[in-house]
Amino acid sequence: MKKVVKFGGSSLASAEQFTKVKDIICSDIDRRYVVPSAPGKRFSGDTKVTDMLYTCYAAAEQDEDFSDKLAKIQARYNEIINGLGLTLSLDTQFEEIASKFAAKAGKEYAASRGEYLNGIIMANYLGYEFVDAAEVIRFNHDGSFNAAVTNKIMSKRLEKVERAVIPGFFGAEEDGTIRTFSRGGSDITGSIVARAVNANLYENWTDVSGCMVADPRIIRNPEPITTITYKELRELSYMGASVLHEDAIFPVRQAGIPINIKNTNSPEDRGTMIVEKTCHVPKYTITGIAGKKDFVAINIEKDMMNAEIGFGRKVLEAFEKYGISFEHMPSGVDTMTVIVHQSEFEEKEQKVLTEIKHLVHPDVLDLEPDIALIAIVGRGMREARGTAGRIFSALAHAKVNVKMIDQGSSEINIIVGVKNSEFETAIKAIYDIFVVSQL
Ligand SMILES: Nc1ncnc2c1ncn2[C@@H]1O[C@H](COP(=O)(O)OP(=O)(O)O)[C@@H](O)[C@H]1O
Ligand SMILES: N[C@@H](CC(=O)OP(=O)(O)O)C(=O)O
């Protein structure tokens, strides 16, 4: 049996956390490939090492003195090394980092050092071989991940390595230029390693006992989800369930390797199993709820829009021209709404609006900012009647005004748009109707 174990930043924030991690790894001989993140927050209000690195590099890029900032980062690692009683020095690595920062080696190089250094400590602490992710994870020149080449190089490199530590979050282009995944990307590395070594299980260790029905920062002690499909989890993580990166399921899904989300601080808890298919009947009609704030709705109205062939394409062309991807596009006979991320749209809004006017000459063109989207996801929703009705009556009772509704054809999710300010109330109302009232 082979297991790949990824530990998130919260599991590796201090020497005390490292000790728990070693106990977990040593309690199962199958836990052979370890993917660490950079040290995360030790307490609420603390700063993740990745964020410290971004800030430090920003100073270097401005030709400011960054030595104090870098020294604080080194102190975080030294605290761990000393706390574990290791005879390891990262002085050489920090000298190299300082000179590369001065030479402006890039933001992605800077951020990647968090995982790189933590990987060195972890390998030393466990007595496992350190395999640099730059050697085995390949990115294309445009920054996209090259799955095929990576799988080839990595499976060959790890073929004869019994136990290894591979740092998460980064890889490199063929010429050695360091590239990173988006934030939270160590989850993706874990999945890539699991596929390359053909693991039986990918364990993702974090600070919660699995994926919960709703975000524990909004719902106090939410119900855990014991089993969820890749598809459902993808919907939830894309819509804000940050416990697993939204792209982390792809490599393991192809190989049919299940993911188990587990809690480093409570290892005996079952956590959540993420699988392709399951006969496990979900406890509730819905599997989970997740959401994100800060979208903007662009409402377009034009009489006889329905008869104008190519109308939708032209509208989307305006967004495409300025590199803005759309999230949803509910429509009526003579109306169409395009929902996009406010932060992406804001700086280009006038250009996009002018383009839409020019391309389709709408009667009305309106903007509605500060919209939150909430996804209600569940494989059980297909069979259940009246799910949408229950959602809307719960929201109406909570006096939440629904701005938009979208139901995917897969029937495993319903998306509702509400005001940012009503986001938490809406999630609580939906959680209550499907979970609390069923308990
Ligand atoms: N539905 C959810 N279930 C569990 N955790 C969630 C959910 N939605 C958001 N989270 C948040 O995800 C966090 C774990 O992810 P993350 O901070 O990336 O951990 P790590 O540092 O271990 O990678 C939890 O502490 C929790 O606040
Ligand atoms: N350290 C990186 C990558 C990562 O995956 O971290 P974590 O496992 O702590 O979410 C980040 O902060 O984005």
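Me: By class, what residues does the shell around ligand 1 have?

Reply: The shell around ligand 1 has 7 nonpolar, 6 polar and 4 charged residues. Ala, Val, Leu, Ile, Met, Phe, Trp, Tyr, Cys and Pro count as nonpolar, Asp, Glu, Lys and Arg as charged, and the others, Gly among them, as polar. This is a predicted model: local features need pLDDT of at least 70, side-chain atom pairs count only at pLDDT 80 or more, and totals for chains, interfaces and linings use all residues. Residues are numbered from 1 along each chain as its sequence is written, chains are lettered from A and ligands numbered from 1 in the order in which they are written, and side-chain values use heavy atoms, with hydrogens and water left out.

Me: Which residues are the closest to ligand 1?

Reply: Gly9, Ser10, Thr206, Asp207 and Met212, out of 17 that surround ligand 1. To count, a residue needs a heavy atom within 4 Å of the molecule.

Me: Which polar side-chain atoms lie by an oxygen atom of ligand 1?

Reply: One belongs to Lys6, at 3.2 Å from a ligand oxygen. Another belongs to Arg217, at 3.3 Å. Gly9 uses a polar backbone atom instead, 3.2 Å from an oxygen atom of ligand 1. A polar contact here is a pair of N or O atoms within 3.5 Å; within protein, one must be able to donate a hydrogen and the other to accept it, and residues adjacent in sequence count only if both atoms are side-chain atoms.

Me: And how much of ligand 1 does the protein bury?

Reply: 85% of the 570 Å² that ligand 1 exposes when taken alone. Areas are from the Shrake-Rupley method with a 1.4 Å probe; for residues, only the protein chains shown count as cover.

Me: Switching to ligand 2. What surrounds it?

Reply: Its neighbours include Lys6, Gly8, Gly9, Ser37, Lys48, Thr50 and Phe169. The shell around ligand 2 divides into 1 nonpolar, 7 polar and 4 charged.

Me: Which polar contacts does ligand 2 have?

Reply: A side-chain atom of Glu115 lies 2.7 Å from a nitrogen atom of ligand 2. The Arg183 side chain has an N or O atom 2.7 Å from a ligand 2 oxygen. A polar backbone atom of Gly184 is 2.8 Å from an oxygen atom of ligand 2. Taken alone, ligand 2 exposes 340 Å², and the protein buries 90% of that.

Me: Where does ligand 2 sit?

Reply: In the largest pocket. A pocket is an open set of points on a 1 Å grid over the protein atoms alone, where a 1.4 Å probe fits, with protein on both sides within 12 Å along at least five of seven lines; lining residues have an atom within 4 Å of a point.

Me: What volume does the largest pocket have?

Reply: About 1200 Å³. Of its 45 lining residues, the closest to the centre are Lys48, Thr206, Asp207, Ser242 and Val243. Volume is the space filled by probe spheres set on the points, which are joined across faces, edges and corners.

Definitions and conventions. A molecule sits in a cavity or pocket if more than half of its atoms lie within 2 Å of its grid points.
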